[in-house]
Each structure stands twice: as C-alpha cells, then as structure tokens.
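Thank you all for coming.

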Amino acid sequence: PGSLSLGPKTERSRPRDRGVVLAKMLFAGDLVAGVLAGLAALLILENSVGDTPLFVIVVALLWTLVAFSIGLYRTDQLSSWASAVSEIPRGIVAIMLLTWPIYGLAALMGIKPAIGTAFVTVGAMAVLSGIARTVVRAVLHRNPALRQRTLILGSGVVAGQLVAKIKSNDQFGLDPVGLVDNVIHDIGTPDLPRFGGFADLSEIIEMQSLDRVIIAFSRVSHEELL
C-alpha cells in the first residue's frame, strides 16, 4: 500500500450509470407483475379473462405510473442498488394509492365484485412486484460489467475496516482498486496500491477509470478533504 503509481490509463466501459439499467429492469419487472396480478384477480374471482383484457393492461400501466410517481424508480443511491429494503415504505404507499383506482376501474368495466377485485389485485401486486424486484437485483448483481471500480480516500484502520465491509457485502457491487492519501498510516491500511496524494486526485480518477470515491480517514485538513 505504500507504493505510488498512477498506473496506466484504464480503458473500460464505466458502469457509473448502472442505476439507469436497474430502473429499466425494475420497470419491466413491474409491468410483468402488473399483468400477472390483474390476471390472478380475474381468475381467482372467476371472471372471464377473455372479456376483460383491458383490465389487465390498465392495471399494469397504473402500477408503473404510481410506482414512478412515488419514486420507486429512483435508483441513484447505493442502498437502492443493493436491496429492495429501502423501497418498502414507498411500496406500501404505492399499493394504498393503487387500491381506489383499481376499484373504480373494476366497477366501470362491470367486473364483480369490484371491491374484492381491487383487494386481490393489490395483494397479488405486492407479492409479485416484490418477487420481480428481488429477481432483477439478483440477476444484475451477478453481472461483473456492472461492478464499480472504487477509490478509497484515506488510509489506516478506518480505511481497512471500510474495505473489509465492502468485500463482505458483495451486493453493493464495489471493487476497491486503490487508495489516495498524502501520508499513509502504518497501522490498519488495506492492502491496496497507493495511486498518489490528494493533489493528484482528478488525474487518478481519469487514469484509473474510477466509478466511485469513498472517504475514509486521513490526516489532511478538513478543508483540503472537502
């Protein structure tokens, strides 16, 4: 970790916009979940699917519209990439908002019982959408092209603990590739190459094709770190 090397310029396709990939895949998963939820409600309540295909289509579109409006496709946070846990509160709100429109749609189309159709649909939606979103993340997490090259700012015990956490939580999709610090701490520094000091940061980010920078602990001043 004490060596200083900017290294050769790394040419690669940068997964900085992997959140866009995740959002598109979640949208597709929600469409499938919406279609299956609409079909499930019709079949469970013994309504004819052939007579009401429009119900299934509108339910799927309503779900994706409500999900978009409530922020379920905002995937720019690391927690959103890692798991669906952070989406649960917004997902509950989205399901509640969806109940009355589906009830109105069922009543308008003469699907009986309308209230039962609404509750079965949103119940199936909650289950199927949760499964779809979990599957989407599981698939994307296995794609090595979407892992982010990560630079650690700082050194020492904190940097070591940070790298250990990253490596033990593979769902974040981060690969620590090096560190930057003006003075390397002797104790606890992770076994990563030192690319340079803070004055070299912009050049290092460009040369190493870095996707993410994480701040650990450094002896530089607060102002210089900012």
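I will begin with the nonpolar core and then turn to the salt bridges.

This is a predicted model, in which local features need pLDDT of at least 70 and side-chain atom pairs count only at pLDDT 80 or more, while totals for chains, interfaces and linings use all residues. Residues are numbered from 1 along each chain as its sequence is written, and side-chain values use heavy atoms, with hydrogens and water left out.

A nonpolar core here is a set of buried Ala, Val, Leu, Ile, Met, Phe, Trp, Tyr and Cys residues joined through side-chain atoms within 4.5 Å, where buried means under 20% relative accessible area, exposed over 50%, and partly exposed in between (1.4 Å probe, protein chains only). The largest such core has 29 residues, of which Phe55, Trp63, Leu98, Ile102 and Met125 touch the most other members. Helices α1 (18–44), α2 (53–69), α4 (88–108) and α5 (114–141) each supply at least two residues, and α5 gives the most, with seven; helices are DSSP runs of H or I, at least four residues, and strands runs of E, at least two, numbered from the N terminus.

As for salt bridges, meaning a side-chain nitrogen of Lys or Arg within 4 Å of a carboxyl oxygen of Asp or Glu, the count comes to five. Arg133 pairs with Asp30, with the closest N and O atoms 2.8 Å apart; Arg133 lies in helix α5 and Asp30 in helix α1, so the pair ties together parts that are 103 residues apart in sequence. Both Arg133 and Asp30 are buried.
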